[in-house]
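Hi,

Here is the structure for your files. My notes on it follow below.

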Amino acid sequence: MKDKLSIGEFARLRNITTETLRHYDRIGLLKPMKVDPKTGYRYYSILQYEQLGTIKELRQLGMSIDEIKKYFNNRNLKQSVHILKDKHDKLIKKIKELQELEKNISKKIKHLEDISQVSDFEGIVIKEIEEREIITFDKSIKNEIDLSYACLELENTLKEIAPILASNRFGAIRKQKDIALNKYKESIVMFLFIKDKENIDEKHIKKIEKGTYACLYGKGSIWDIEVHLKKMIAYIEKEGYSICGDILQIDQIDISVTDKRDEVLFEIQIPIKKH
């Protein structure tokens with residue numbers, strides 16, 4: 001049995017590439033036992049098998065090169081336990097984040113699959129909806145630039161993982177008094193439904209009261225609502241209801257998942273009560 005191994009022989013022992021060994025040499029993580037001054041060939045000792053194996057396993061644990069270098073610096077039991085515990089804590093945190101992300105993605109998929117089945121864009125449905133909480137800065141928007149800044153400000157308040165993509169959390173509020181005056185594009189305020197209130201200033205949180213809502217799905221952008229509202233108001237009056245609050249327009253399918261205008265979908269919710 002020989003002690004001195006070529007770089008190829010040593011790499012095959014641990015099922016890694018020779019380029020990986022050259023990289024470890026260049027960065028000072030694992031130096032060869034000897035380098036031939038004439039040919040530049042690297043040679044390793046079989047006694048280095050443990051260090052290479054440990055490096056390979058530490059990489060599998062997700063340790064960076066700098067972390068591995070620290071691990072081998074004056075290696076001892078106490079230091080190794082401390083480093084492994086630190087890595088374990090980080091892995092637990094990462095696992096929790098991935099689990100939360102998995103739940104988040106699962107909900108997004110279900111929402112998109114469910115909402116993509118909507119085919120009735122004419123029918124008005126009466127729904128009983130529970131209380132909801134939103135965050136809003138009560139800033140009126142008048143154009144796409146205002147809209148972009150409003151959405152950005154709302155998104156920046158969240159500390160969640162992928163909170164907006166493929167979700168139905170963005171919405172617009174139109175004041176009841178403006179609608180009564182046929183002002184459909186004035187005083188539009190953006191909002192965001194809340195899942196976690198942590199780190200959100202309470203003064204920006206508002207409640208949407210539970211109650212009875214006349215609801216209608218429509219296609220198009222936030223500005224494409226006037227025809228739908230007129231139709232809904234006529235229906236509400238005909239059925240013996242009256243509007244009792246501000247109108248909500250909630251994105252159901254937005255530009256985060258499609259560039260096709262005819263796929264963009266919103267829902268209008270108008271709070272109503274019997275005369």
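Helix H3 passes helix H4 in a right-handed crossing. (A crossing is right-handed if the near helix is turned clockwise from the far one by less than a right angle, and left-handed if anticlockwise.) This is a predicted model: local features need pLDDT of at least 70, side-chain atom pairs count only at pLDDT 80 or more, and totals for chains, interfaces and linings use all residues. Residues are numbered from 1 along each chain as its sequence is written, and side-chain values use heavy atoms, with hydrogens and water left out.

Back to the helix pair. H3 covers residues 49-60 and H4 residues 65-72. They pack at an angle of about 135°, with their axes 10 Å apart. Axes are lines fitted to C-alpha atoms, for helices over the stretch in contact, and angles run from 0 to 180 degrees between N-to-C directions. H3 and H4 are therefore oblique to each other. (Under 35 degrees counts as roughly parallel, over 145 as roughly antiparallel, 65 to 115 as roughly perpendicular, the rest as oblique.)

Which residues meet? From H3 come Gln 51, Thr 54, Ile 55, Leu 58 and Arg 59; from H4, Ile 65, Ile 68, Tyr 71 and Phe 72. Contact means heavy atoms within 4.5 Å. By class, the H3 contact with H4 has six nonpolar, two polar and one charged residues. (Ala, Val, Leu, Ile, Met, Phe, Trp, Tyr, Cys and Pro count as nonpolar; Asp, Glu, Lys and Arg as charged; the others, Gly among them, as polar.)

Now the sheet. It is open, with three strands in the order S1-S3-S2 and antiparallel pairing. Helices (H or I, at least four residues) and strands (E, at least two) are DSSP runs, numbered from the N terminus. Two strands pair if DSSP finds at least two bridges between them. The edge strands are S1 (4-6) and S2 (34-35), each pairing on one side only.

Three bridges join S1 to S3. Leu 5 stands opposite Tyr 44 in S3. Two bridges join S2 to S3 (residues 42-45). Val 35 has Arg 42 in S3 as its bridge partner. The S2-S3 hairpin has six residues between the strands, and Gly 40 there takes a positive phi near 80°.

Best wishes
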